[in-house]
Amino acid sequence: MEKLLIGNHKMNLLTLAERDNYLSSLNAETQRISRQDLEIVVCPAFVHLEKFVQELSGANIRVGAQNSSAEVRGSFTGEVSASMLKALGVSHVIVGHSERRMLFGETSKDFNAKVRAVIAAGLNAVYCVGESRDQRGSGEMAAALERQLSEGLQEVAVSQLDRIIIAYEPIWAVGSDEIPRTDEVMEARILIRKILAKIYGLEKVSGVRILYGGSVKVATAKQLCVDPGMDGVLVGRESLIPREFLKIGEIISKNM
Ligand code: PGA
């Protein structure tokens, strides 16, 4: 299976000049690397999505959104629906990022509605799960992951699992430079697969990709993705630097 490199820009690239610099740099750097066994998705802010789709389709880089509404259309001021994203040519939507949980008070129940809307629109959902430092310290990590997965995936059918990507992001590792050990990431991967198997049956979940996210850099990509057997990475800060971002892609797909 191809390794998946996803970049989450968050609220960055503030001007059109910054956006255009980023796109030309990403396009140029992409030519320099081997893309064998590597799928790339970049998730800029909403306002840049259309331009990104236009500029990156030639390079075979897909474009994702960082959020979307659970609603389809209507009086929901400020919201953007999954079908609007689909119409733009977007292929993925990040759902359940820990910043949405912590800063905007969204819950797994909210994320479930969003996941289902994303799938209904024919897009892929990158559903983020992960434990807080307290949950890890008090031995509640497994329960937290189980709750997030079972609530977030409620009423998602077995036949829709090919639209689901799980990103394991320990909350304490996001934006912090603190990272888990390889064996801890491996344990989380096995745990997530077990929880999915409990819901759907083991043979049904072997194709669901499980990514690692949280302080992934060139220096840590091997330890956080290759060694623990993850299917890819969700990269925040380093995805804003095309050269570093693609270097991470080369490491995880072993195209070095
Ligand atoms: P980071 O962010 O790579 O900057 O830690 C990861 C994320 O938020 O997905």
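# Salt bridges, burial and helices in a predicted model

Mentor: Glu 146 and Lys 198 meet through their side chains in a salt bridge, at 2.8 Å from N to O. The model is a predicted one.

Trainee: What makes the contact between Glu 146 and Lys 198 a salt bridge?

Mentor: The cut-off is 4 Å between a side-chain nitrogen of Lys or Arg and a carboxyl oxygen of Asp or Glu. The N to O distance for Glu 146 and Lys 198 is 2.8 Å, so the pair meets the definition.

Trainee: Which parts of the chain does this pair tie together?

Mentor: Glu 146 belongs to helix 7 and Lys 198 to helix 8 (residues 182–200), so parts 52 residues apart in sequence are tied together.

Trainee: Why is Lys 198 called exposed, and Glu 146 partly exposed?

Mentor: Exposed means over 50% relative accessible area, buried means under 20%, and partly exposed is in between. Lys 198 has 64% and is therefore exposed. Glu 146 has 29%, so it counts as partly exposed. On the topic of salt bridges, those that share partners also join Glu 131, Arg 136, Arg 181, Asp 183 and Glu 184 into one network.

Trainee: How many salt bridges are there in the whole structure?

Mentor: The search finds 20. One of them is between Glu 99 and Lys 10, whose closest N and O atoms are 2.8 Å apart. This pair links distant parts of the chain, 89 residues apart: Glu 99 is in helix 4, and Lys 10 is in the loop between strand 1 (3–8) and helix 1.

Trainee: Are Glu 99 and Lys 10 buried, exposed or partly exposed, and why?

Mentor: Glu 99 has a relative accessible area of 25%, so it is partly exposed. Lys 10, with 22%, is partly exposed too.

Trainee: What makes Arg 209 and Glu 39 a salt bridge?

Mentor: Their closest N and O atoms are 3.2 Å apart, and the limit is 4 Å. The pair links Arg 209 in strand 7 (residues 209–213) with Glu 39 in strand 2, 170 residues apart. Both Arg 209 and Glu 39 are buried.

Trainee: Are Cys 43 and Cys 225 buried or exposed, and how do you know?

Mentor: The cut-off for buried is under 20%. Cys 43 is at 1% relative accessibility, so it counts as buried. Cys 225 is buried as well, because its relative accessible area is 1%.

Trainee: Which residues of helix 1 are buried, and what covers them?

Mentor: The buried residues are Arg 19, Tyr 22, Leu 23, Leu 26, Asn 27, Glu 29 and Thr 30. Their cover includes strand 2 (38–43), helix 2 (49–56) and helix 10 (242–252).

Trainee: What span should helix 5 (residues 108–120) have?

Mentor: Its 13 residues should span 18 Å, and the end C-alpha atoms are 18 Å apart, so the two agree. Among its buried residues are Phe 111, Val 115 and Val 118. The elements that the buried residues of helix 5 pack against include helix 3 (82–88), strand 4 (92–95) and helix 7 (141–152). Just after helix 5, Gly 122 takes a positive phi of about 85 degrees.

Trainee: Where is Ser 239, and why is it called buried?

Mentor: Ser 239 is in the loop between strand 8 (232–235) and helix 10. Its relative accessibility is 0%, so it counts as buried. Leaving out residues up to four places away in sequence, Ser 239 touches Gly 7, Asn 8, His 9, Tyr 22 and Phe 245.

Trainee: Why does Asp 37 count as partly exposed?

Mentor: Its relative accessibility is 41%, which lies between the 20% and 50% cut-offs. Asp 37 is in the loop between helix 1 and strand 2. Its phi is positive, near 60 degrees, in a residue other than glycine.

Methods: Residues are numbered from 1 along each chain as its sequence is written. This is a predicted model: local features need pLDDT of at least 70, side-chain atom pairs count only at pLDDT 80 or more; totals for chains, interfaces and linings use all residues. Side-chain values use heavy atoms; hydrogens and water are left out. Buried means under 20% relative accessible area, exposed over 50%, partly exposed in between (1.4 Å probe, protein chains only). Helices (H or I, at least four residues) and strands (E, at least two) are DSSP runs, numbered from the N terminus. Contact means heavy atoms within 4.5 Å. The expected span of a helix is 1.5 Å times one less than its number of residues.
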